[in-house]
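Student: I would like to work through this model residue by residue. Where do we start?

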Amino acid sequence: MGIIAWILIGLLAGLIAKALLPGKDPGGLIVTMLIGIAGGLLGGWLGKVIFGVDSIDGFFELSTWVAAIVGSLILLVLYRLVAGGRNRSHA
């Protein structure tokens, strides 16, 4: 897949992750897109390591989207823990 496809998947996966985990997030659209792109890579890597499958097959493959969304959810939770903890300590 090309870089444009990764950016699009990242943006959409990040938005879906935010919709599945509602709440206040310390980040905007750029952070959402970066979390989604990194989440797609993380999800693909976890799929290969845990299940031994290549989950990043193509733009229209369900496994690509599931891997990207799961990876984005994991990174969003971690991001909230790190960035949210930083903001709470100054309040």
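Student: Which residues does tryptophan 65 touch, not counting residues up to four places away in sequence?
Tutor: Take contact as heavy atoms within 4.5 Å. This is a predicted model, in which local features need pLDDT of at least 70, side-chain atom pairs count only at pLDDT 80 or more, and totals for chains, interfaces and linings use all residues. Residues are numbered from 1 along each chain as its sequence is written, and side-chain values use heavy atoms, with hydrogens and water left out. On that basis, tryptophan 65 touches Ile9, Leu12, Phe59 and Phe60.

Student: Is tryptophan 65 buried or exposed?
Tutor: Tryptophan 65 sits in helix H3. Buried means under 20% relative accessible area, exposed over 50%, and partly exposed in between (1.4 Å probe, protein chains only). Tryptophan 65 has a relative accessible area of 17%, so this residue is buried.

Student: How far apart in space are tryptophan 65 and glycine 44, C-alpha to C-alpha?
Tutor: In sequence, the two are 21 residues apart. In space, the C-alpha separation of tryptophan 65 and glycine 44 is 9.7 Å.

Student: Which residues is serine 72 in contact with, leaving aside neighbours within four places in sequence?
Tutor: Serine 72 is another residue of helix H3. Its relative accessibility is 0%, so serine 72 counts as buried. Its contacts beyond those neighbours are Ala13, Gly14, Ala17, Ile35, Gly36, Gly39 and Gly40.

Student: Which residues of H2 are buried?
Tutor: Helix H2 covers residues 29-51, and its end C-alpha atoms are 31 Å apart. The expected span is 1.5 Å times one less than the number of residues, so the 23 residues should span 33 Å, which agrees. Just after H2, glycine 52 takes a positive phi of about 70°. The buried residues in H2 are Thr32, Ile35, Gly36, Gly39, Gly40, Gly43, Gly44 and Gly47.

Student: Is leucine 62 buried or exposed?
Tutor: Leucine 62 is in helix H3, which covers residues 62-89. Its relative accessibility is 66%, so leucine 62 counts as exposed.

Student: Which element of the chain has the lowest mean pLDDT?
Tutor: pLDDT is the predictor's confidence in each residue, from 0 to 100. The mean for the chain is 78, and 81% of its residues reach 70 or more. Where pLDDT is low, the predicted coordinates should not be read in detail. Among the elements, H1 has the highest mean (83), and the lowest (80) belongs to H3.

Note on methods:
Helices (H or I, at least four residues) and strands (E, at least two) are DSSP runs, numbered from the N terminus.
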